[in-house]
Amino acid sequence: MSGRTRAGNAFKISPAGVVTEIIDATADGARADLGVPGGIAADAVGSVYLTGGRSNNAFKIEFDCNGNGIPDPTDISKGTNKDCNANLAPDVCDAIGDGDFDVDGVVDLDDHAALTDCMAGPGQPSRPSSPECISACLAAFDFNGDNDVDLVDFARSQTAFGLVP
Ligand SMILES: [Ca+2]
Ligand SMILES: [Ca+2]
Ligand SMILES: [Ca+2]
Ligand SMILES: [Ca+2]
């Protein structure tokens, strides 16, 4: 007996990721199999690296919150998905609403700046500086659901300041 015990456990990481790179340290061409998982690490932008216990390869895994097989940073840079609130996640994965445009759980001056950009007037379509962000504007700031962002919504936003319930 070696005295060493193996956990036999596995960690599942959410949101779902997609393997975007296989790093083959020995360039032996045996690239697609890690055998059993070995080590795990993450970089500054949240990409995860998984190494094999019996392999010299490592897999780079990037977030794919919308499950379309495309890493989220690529979704955003290529325009496959919009990131109107600049939180580095495709907006389809964000629960935008209740005045919290950047989905950080609080309605504050950052959201107020976005509201100012989204606001047009009664019965007018929202006119954000990025036209593709109209639906994000309405999701965040059309409090009364009449398809505009006007002073009525502005007033509701004032009372929503603070933590999102
Ligand atoms: Ca994606
Ligand atoms: Ca986003
Ligand atoms: Ca916010
Ligand atoms: Ca409205």
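What distance separates the centres of domain 1 and domain 2, taken over C-alpha atoms?

Author: The centres of domain 1 and domain 2 are 35 Å apart, taken over C-alpha atoms. The contact between them takes 5 residues from domain 1 and 5 residues from domain 2, where two residues are in contact if their C-beta atoms, placed from the backbone, lie within 7 Å. On the domain 1 side that touches domain 2 there are 2 nonpolar, 1 polar and 2 charged residues. In this classification Ala, Val, Leu, Ile, Met, Phe, Trp, Tyr, Cys and Pro are nonpolar, Asp, Glu, Lys and Arg are charged, and the others, Gly among them, are polar. Domain 1 covers 1-80 and domain 2 covers 82-163; such bounds come from an automatic or database domain assignment.

This is a predicted model, in which local features need pLDDT of at least 70 and side-chain atom pairs count only at pLDDT 80 or more, while totals for chains, interfaces and linings use all residues. Residues are numbered from 1 along each chain as its sequence is written, and chains are lettered from A and ligands numbered from 1 in the order in which they are written. The average pLDDT of the chain (the predictor's confidence in each residue, from 0 to 100) is 87, and 90% of the residues score at least 70. Helices (H or I, at least four residues) and strands (E, at least two) are DSSP runs, numbered from the N terminus.

Now the part requested. A residue is buried if 20 or more other C-beta atoms lie within 10 Å of its own, exposed if 12 or fewer, and partly exposed in between, with C-beta atoms placed from the backbone.

The loop between α3 and α4 holds V149. V149 is buried, with 29 other C-beta atoms within 10 Å. Leaving aside neighbours within four places in sequence, the contacts of V149 are C118, M119, A120, S126, C137, L138, F141 and D142.

The loop between α1 and β5 contains D98 and V103. D98 has a positive phi of about 55° although it is not a glycine, and V103 likewise has a positive phi, of about 45°. Most residues other than glycine have a negative phi. D98 is partly exposed, with 18 other C-beta atoms within 10 Å; V103 is also partly exposed, with 19 C-beta neighbours inside 10 Å.

For contrast, consider strand β2 (residues 37-42): the count of buried residues among its 6 residues is 0. Strands β2 and β3 (residues 48-52) run antiparallel and are joined by 4 bridges; two strands pair if DSSP finds at least two bridges between them.
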